[in-house]
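Thanks for coming. I will show one structure and then go through a few places in it.

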Amino acid sequence: MTLLTGSAKKFQMNYLSVENITKSFGDRILFRDLTFGIELGQKAAIVAKNGSGKSTLLRCLMQLESIDSGRIVYRNDLRVAFMEQTEDFDPDKTILEIIFDQQTKEFEVLKEYNEAQLSNDENRLNAAFEKMTEVNAWDLEVKVNQILSILKLEDKYQKTGSLSGGQKKRINLAKALISEADFYILDEPTNHLDLDMIEWLEEYLSKSRSTILMVTHDRYFLEVICDTIFELADQTIYKYKGNFSYYLEKKAERQEQLQSTIDKAKNTFKKELDWIRRQPKARGTKQKARIDNFHEVKKVASQRIEEEELDIPIKMERLGTKVVELHKIGKQFGDKKIVTDFSYNFQRQERLGIVGNNGTGKSTFLNVIQGLSAVDNGKVVIGDTVVFGYYNQDVIKVDEDKKVIEVIRDIAEYIPLEKGKELSAAQLLERFLFPRNMHYNYVYKLSGGEKRRLKLLTVLMANPNFLILDEPTNDLDIFVMSVLEEYLRSYPGCLIVVSHDRYFMDKMVDHLFVFEGEGKVKDITGNYSDYRKRQLEAKRGEQSQKPVEEPVKNKETEIIASQEKKKLSYKERVEFEQLEKELGLLELKKEEYSSKLSSGDLSNEEIMKIGDELTAVMNKIETSTDRWLYLSEFA
């Protein structure tokens, strides 16, 4: 949590104003003269190709990176929460200690209350209980427990040194969401979340009234949550006032207009080039102006709009009738079951998606299919013609002093295409948005996302006929994902995808293996959205069939409990005393609202509002009185 302040009054309508900022690393300019603003309540996202400087821009906004020029101004006394990709936690601190490391009165009191609970000091706990009530921190405690539970960080006292990278990133997200900030800046919030977590976060942020600026590659996320898209491209920023669909539409229009401008400039360039060649070396004033204009026209005419669509008729080794067969296989690690008695025969042109919560064994299953991990029982049969291509989340293992094109050429010089054609290593690099000027860059100079993309190309360059992609969307930007989708659309081999990107899954697969845990795997027809729709419908059906419990049963349960109970626990005694105070305050509120309603001075709108408040107070009096009466029997 960071408290940032601004000073310029003209920016007071904005939460954040960015004026003409420039950032470079050595000779490389990431962005130049960026100007944009974020308004109160706005939900904005920044999209860009990997290596364009998205994360660097966010760090500049948080003053964690310096800028070369320009200025960044926040509204006065604004509370900003920043979730970044990296984590630098003290390994000896617990999850809860990291969460509580926020400079507000409520967090200080909640931290003291949790420590008091662990201390077994009755006086300390009593004092902490009163402080919790005084600053109204009970809702915050509920929120902390709820969010940690949803993000599967239930062991609040676990030290961060023993956690995985994914768990640490989820702590970063939890800390930001719990912070009660005015303005959230989130860098890839959906990375390392399973599908249930992503859908919860999507709903949470879309309902939130907070102001949000985020970087994400999740296109459904961009569609549902965002009302503004900023595209960082060509060292500048373009603003689109709408969601992701609107952005795609308007971007296409912008590119169409740019292409028209380029075409006109090319025609002018040809004429001006002919004039330049015919002119003597001596220059007059008019000639100099025309020559300067010629160079401007040349600059426009030389622009090139990169095509992201890809249609490559690949020629690969044909799969035989036997692809991969699983015969009653079983696999487990200790007590953890991955699959139990599972059978399936993969067919040519299989389009399979695999989903399931983190830790259910999806990656282990992929290793079993390839024969990289032995089964405990059953049999895996792999056809003689199968050539696996496996993209996983491990970092690319190559000599970092090699050049990009050398890494690809080490795999193959070209991919064979239909009708005797070929696709060279350089052409594949260009198709996947590595322009010619990057082919001879050294690997160590690439960003994390660019290294991921290079690793993907090493898999594709081997021309496999059974392609397995384990979380390909992590660290690949939406532009590369569009190219990959086009590539896979015409891919003639078998395809298995494990991904938390619902947009990608919906486009690529026609059935799913759902890992439910305890060795259970279900084969579901349809894509991910179809599966979730059926799940939600089934859940609604179960809820509608549940019998409604009669209030009498609750009372009977309470009577039985009271017969067994002899005296109040410490917490109940504190609760009983607190209820006495609370009931007194509620009665005063009831009298106040009743008096206002009988005054005759209220408008209809005010009468309705106060009537609702009076009803709420009376309901609270009733429930609190019932609880007080129950506890009073043992006080």
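**A three-stranded sheet**

Let me start with an open sheet of 3 strands, in the order E12-E11-E14, with antiparallel pairing. Its edge strands are E12 (336–345) and E14, each of which pairs on one side only. On average, neighbouring strands of this sheet are turned by 25° against each other, direction ignored. Before going further: this is a predicted model, in which local features need pLDDT of at least 70 and side-chain atom pairs count only at pLDDT 80 or more, while totals for chains, interfaces and linings use all residues. Residues are numbered from 1 along each chain as its sequence is written, and side-chain values use heavy atoms, with hydrogens and water left out.

Some terms. Strands (E, at least two residues) and helices (H or I, at least four) are DSSP runs, numbered from the N terminus. Two strands pair if DSSP finds at least two bridges between them. In general, strands of a sheet pair through backbone hydrogen bonds, either parallel or antiparallel.

Strand E11 (residues 324–333) pairs with E14 in the antiparallel sense over 5 bridges.

Helix H11 (residues 362–369) lies across E11, E12 and E14, and runs at about 135° to E11. Axes here are lines fitted to C-alpha atoms, for helices over the stretch in contact, and angles run from 0 to 180 degrees between N-to-C directions.

Now Ile-382, which lies in strand E14 (residues 377–382). Buried means under 20% relative accessible area, exposed over 50%, and partly exposed in between, with a 1.4 Å probe and protein chains only.

Leaving aside neighbours within four places in sequence, Ile-382 is in contact (heavy atoms within 4.5 Å) with Val-323, Ile-369, Gln-370, Gly-371 and Phe-388. Of these, Gln-370 is 12 residues from Ile-382 in sequence and 7.7 Å from it in space, C-alpha to C-alpha.

Next, Ser-52, in the loop between strand E4 (43–47) and helix H1 (54–61). Its side chain reaches the backbone oxygen of Lys-49 at 2.8 Å. With neighbours within four places in sequence left aside, Ser-52 is in contact with Leu-30 and Leu-232.

Last, the cysteines. How many disulfides are there? With a disulfide taken as a pair of cysteine sulfur atoms within 2.5 Å, the count comes to 0. Cys-60 is buried, at a relative accessible area of 1%, and Cys-226 is buried at 5%.

Notes: Polar contact = N/O pair within 3.5 Å; in protein donor to acceptor, adjacent residues only side chain to side chain.
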